[in-house]
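Visitor: I am new to this structure and would like to learn how to read its features one at a time. Could you take me through a few of them?

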Amino acid sequence: LSFVGHSDATAFYAVNVVGTTNLLEALAASKLQPRRVVIASSANVYGNAKVEPITEATPPAPVNHYAASKLAMELMVRTYSDRLPIVMTRPFNYTGVGQSINFLVPKLVAHFAQRQPFIELGNLEVVRDFSDVRAVAQAYLHLLTAEVPQGVTNLCSGVGRSLRWVLDQLTELSGHSLEIRVNPE
């Protein structure tokens with residue numbers, strides 16, 4: 001489950017922790033000898049980090065069930081590191097064609113494509129590191145074959161963009177302006 005706002009908190013743990021445990025247990029018990037197992041955690045485990053840039057050395061501080069389930073998954077995955085060649089990744093925000101409008105960028109794109117008159121958002125100055133899902137997929141492929149050190153690898157562009165910047169880009173690309181209603185809640 002990748003949508004932080006998913007309504008069933010226990011599902012995060014069932015999928016992210018128990019599901020990953022089942023997968024690793026099956027791999028460890030099989031006769032397969034994978035060259036590498038890439039596990040996707042999430043940069044969400046860093047919570048509301050007060051440092052920039054956020055590096056692999058930044059301590060985790062999850063602030064929601066999604067992030068807590070990913071951190072719990074990471075801890076569980078470590079118990080397999082003596083049996084499987086595991087690389088742990090923490091991807092930052094990524095987006096691409098076909099992503100559900102539950103996610104921010106597709107929601108914004110849909111509003112502009114439908115030429116909606118307004119949208120209600122929160123903090124327009126919040127900064128996120130957005131990547132194209134194709135770049136993230138390429139990074140996963142690279143990690144499957146490259147010699148990489150044990151531990152955690154952040155997957156990100158290294159460039160922070162504000163929500164306001166994303167809105168400005170969509171306005172310029174679409175030629176459509178919509179009213180931005182900021183909801184402080």
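**Reading a pocket, a ring pair and a loop residue**

Guide: Let us begin with Thr95, which lies in strand β3, a strand made of residues 94–95, and keep in mind throughout that this is a predicted model.

Visitor: Is Thr95 buried or exposed?

Guide: Thr95 has a relative accessible area of 18%, and because buried means under 20%, Thr95 counts as buried. Its side chain is joined to that of Gln99 by a polar contact of 2.6 Å. Leaving aside residues up to four places away in sequence, Thr95 touches Val105, Pro106, Ser131, Asp132 and Val133.

Visitor: How much space lies in the second largest pocket, and how do the residues of its lining divide into nonpolar, polar and charged?

Guide: The space in the second largest pocket is about 170 Å³, while its lining consists of 7 nonpolar residues, 3 polar ones and 1 charged one.

Visitor: I would also like to understand aromatic pairs; how many does the structure hold?

Guide: In general, a pair of aromatic rings is described by the distance of the centres and the angle of the planes. The structure holds 2 aromatic pairs, and one of them is formed by Phe12 and Tyr66, whose rings lie 5.7 Å apart, centre to centre, with 65° between the planes, an edge-to-face arrangement. This pair links distant parts of the chain, since Phe12 is in helix α1 (residues 9–29) and Tyr66 is in helix α2 (residues 65–78), 54 residues apart. Both Phe12 and Tyr66 are buried.

Visitor: Where does Thr58 lie, and why does it count as buried?

Guide: Thr58 lies in the loop between β1 (37–40) and α2, and it counts as buried because its relative accessibility is 8%, where the cut-off is under 20%. Not counting residues up to four places away in sequence, Thr58 touches Tyr46, Ala49, Val51, Pro53 and Arg90. Thr58 and Tyr46 are 12 residues apart in sequence, and their C-alpha atoms are 7.1 Å apart in space.

How values were computed: Residues are numbered from 1 along each chain as its sequence is written. This is a predicted model: local features need pLDDT of at least 70, side-chain atom pairs count only at pLDDT 80 or more; totals for chains, interfaces and linings use all residues. Side-chain values use heavy atoms; hydrogens and water are left out. On a 1 Å grid over the protein atoms alone, a cavity is a set of points where a 1.4 Å probe fits but cannot get out, and a pocket is an open set with protein on both sides within 12 Å along at least five of seven lines; lining residues have an atom within 4 Å of a point. Grid points are joined across faces, edges and corners, and a volume is the space filled by probe spheres set on the points. Ala, Val, Leu, Ile, Met, Phe, Trp, Tyr, Cys and Pro count as nonpolar, Asp, Glu, Lys and Arg as charged, and the others, Gly among them, as polar. Helices (H or I, at least four residues) and strands (E, at least two) are DSSP runs, numbered from the N terminus. Buried means under 20% relative accessible area, exposed over 50%, partly exposed in between (1.4 Å probe, protein chains only). A polar contact is a pair of N or O atoms within 3.5 Å; within protein, one must be able to donate a hydrogen and the other to accept it, and residues adjacent in sequence count only if both atoms are side-chain atoms. Contact means heavy atoms within 4.5 Å. Rings of Phe, Tyr and Trp (its six-membered ring) pair if their centres lie within 6.5 Å; planes under 30 degrees apart count as stacked, over 60 as edge-to-face and the rest as tilted.
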